[in-house]
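Here is a short briefing on one protein model. Look at the sequence and the structure first, then read the points by topic.

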Amino acid sequence: MLELYQWELSHYSEKVRLILDYKGLDYRKIEVTPGVGQLDLFRLTGQKQVPVLKDGSKYIVDSTEIAKYLDLEYPERPLIPQDSHKRGLTLLMEEWADESIGVKGRKALFSAISQDQSFRQSLLPNSTPDIFKTLVAGVPSDVLTVLGFGVGYSPEVIKSAIADLKQDLEALTLILAESPYLTGDEPTLADLTVASLSIVLKFPQIAYLDLPASLLGKGVPGLADNPDYELFFSWRDRLYAQFRKPLINLPTTGSAPTAIQID
């Protein structure tokens with residue numbers, strides 16, 4: 001069985017999970033503990049970032065490379081069209097989404113976590129011990145602001161990211177008003193990338209992630225609750241309903257992440 005080294009709340013890991021479900025491939029999630037788990041991952045792959053897909057003795061790093069690998073090794077239900085124009089458009093839009101929605105989405109989510117104590121606590125996975133949830137919820141907002149400066153997430157950077165995301169969502173909404181999918185009449189890697197990376201902007205109503213039920217349908221204020229983007233998020237949720245397996249329907253080996261194991 002395929003193994004996905006991941007973080008449950010990583011939207012790049014979610015991108016790979018959606019791709020795997022779209023292709024109908026069974027896989028086992030292996031949760032990488034930040035810090036020590038990343039060192040173990042480095043021993044296996046030579047780098048510390050998730051997602052990483054293991055197929056037999058092969059380790060494939062990076063969500064884009066994983067998508068290309070799966071299309072080669074498991075060609076049923078292809079991600080990347082053969083038509084040259086659609087292929088180019090798909091690859092271009094996938095790269096744009098990775099660098100725009102992917103990067104800026106993390107900044108927008110950090111802003112929401114910083115401002116809302118209850119949202120910060122609820123965002124932790126269900127498996128998180130209560131004592132740790134209480135500790136995280138108690139961190140003052142000004143402390144998180146200082147931490148944000150430390151990783152380059154100043155208030156100005158976050159404000160700019162949210163403004164850019166609003167423009168991105170407006171553009172996507174306009175495209176989808178005229179087309180069932182972003183590059184034509186069939187879903188491609190572009191659609192799966194945009195849909196999965198947007199999960200941190202607004203969580204679907206169905207439990208695809210190990211999150212409390214209180215977060216279903218919630219997200220970043222000003223984005224998740226903006227009626228101008230309702231068409232986009234409705235499209236995203238329909239795509240998820242069609243291709244993504246909810247947690248309750250996953251096999252036992254895939255229903256919850258396990259700790260990273262070294263062979």
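A salt bridge is a side-chain nitrogen of Lys or Arg within 4 Å of a carboxyl oxygen of Asp or Glu. This structure holds 12 salt bridges. Keep in mind that the model is predicted.

**Salt bridges**

- Arg 28 pairs with Glu 3, and their closest N and O atoms are 2.5 Å apart.
- This pair links distant parts of the chain: Arg 28 sits in strand E2 (residues 27-31) and Glu 3 in strand E1, 25 residues apart.
- Arg 28 is partly exposed, at 23% relative accessible area. Glu 3 counts as buried, at 15%.
- Asp 26 and Lys 245 also form a salt bridge, at 3.8 Å from N to O.
- Asp 26 lies in the loop between H1 and E2, and Lys 245 in the loop between H10 and helix H11 (252-255), so their pair ties together parts that are 219 residues apart in sequence.
- Asp 26 is partly exposed, with 47% relative accessibility. Lys 245 is partly exposed too, with 28%.
- Asp 237 and Arg 236 meet in a salt bridge of 2.7 Å, N to O. Asp 237 is partly exposed at 23%, whereas Arg 236 is buried at 0%.
- A network of salt bridges links Glu 14, Arg 17, Asp 21 and Arg 244.

**Nonpolar cores**

- In soluble globular proteins, nonpolar side chains tend to be buried together.
- The largest nonpolar core here has 56 residues. Leu 70, Leu 201 and Trp 235 have the most contacts inside it.
- Several elements each supply at least two residues of this core, including strand E1 (2-6), helix H1 (11-22), helix H3 (63-73) and helix H10 (230-243).
- Helix H4 gives the most to this core, with 7 residues.
- A second, separate core has 6 residues, among them Tyr 5, Val 32, Leu 41 and Val 52.
- What does Leu 70 touch, leaving aside its neighbours within four places in sequence? Its contacts include Leu 2, Ile 19, Leu 20 and Pro 75.

**Strands**

- E1 and E3 pair in the antiparallel sense over 3 bridges. Tyr 5 has Val 52 in E3 as its bridge partner.
- E3 and strand E4 (residues 58-61) run antiparallel and are joined by 4 bridges. Val 52 stands opposite Val 61 in E4.
- Both faces of strand E3 (residues 52-55) are covered. Val 52 and Lys 54 are buried on one side, and Leu 53 and Asp 55 on the other.
- The hairpin of E3 and E4 has 2 residues between the strands, and Gly 56 takes a positive phi near 65° there.

Note on methods
Residues numbered from 1 in each chain as written. Predicted model: local features only at pLDDT ≥ 70, side-chain atom pairs only at ≥ 80, totals over all residues. Heavy atoms only, no water. Core = buried A, V, L, I, M, F, W, Y, C linked by side-chain atoms within 4.5 Å. Buried < 20%, exposed > 50% of the residue type's maximum accessible area, 1.4 Å probe, protein only. Contact = heavy atoms within 4.5 Å. Pairing = 2+ DSSP bridges.
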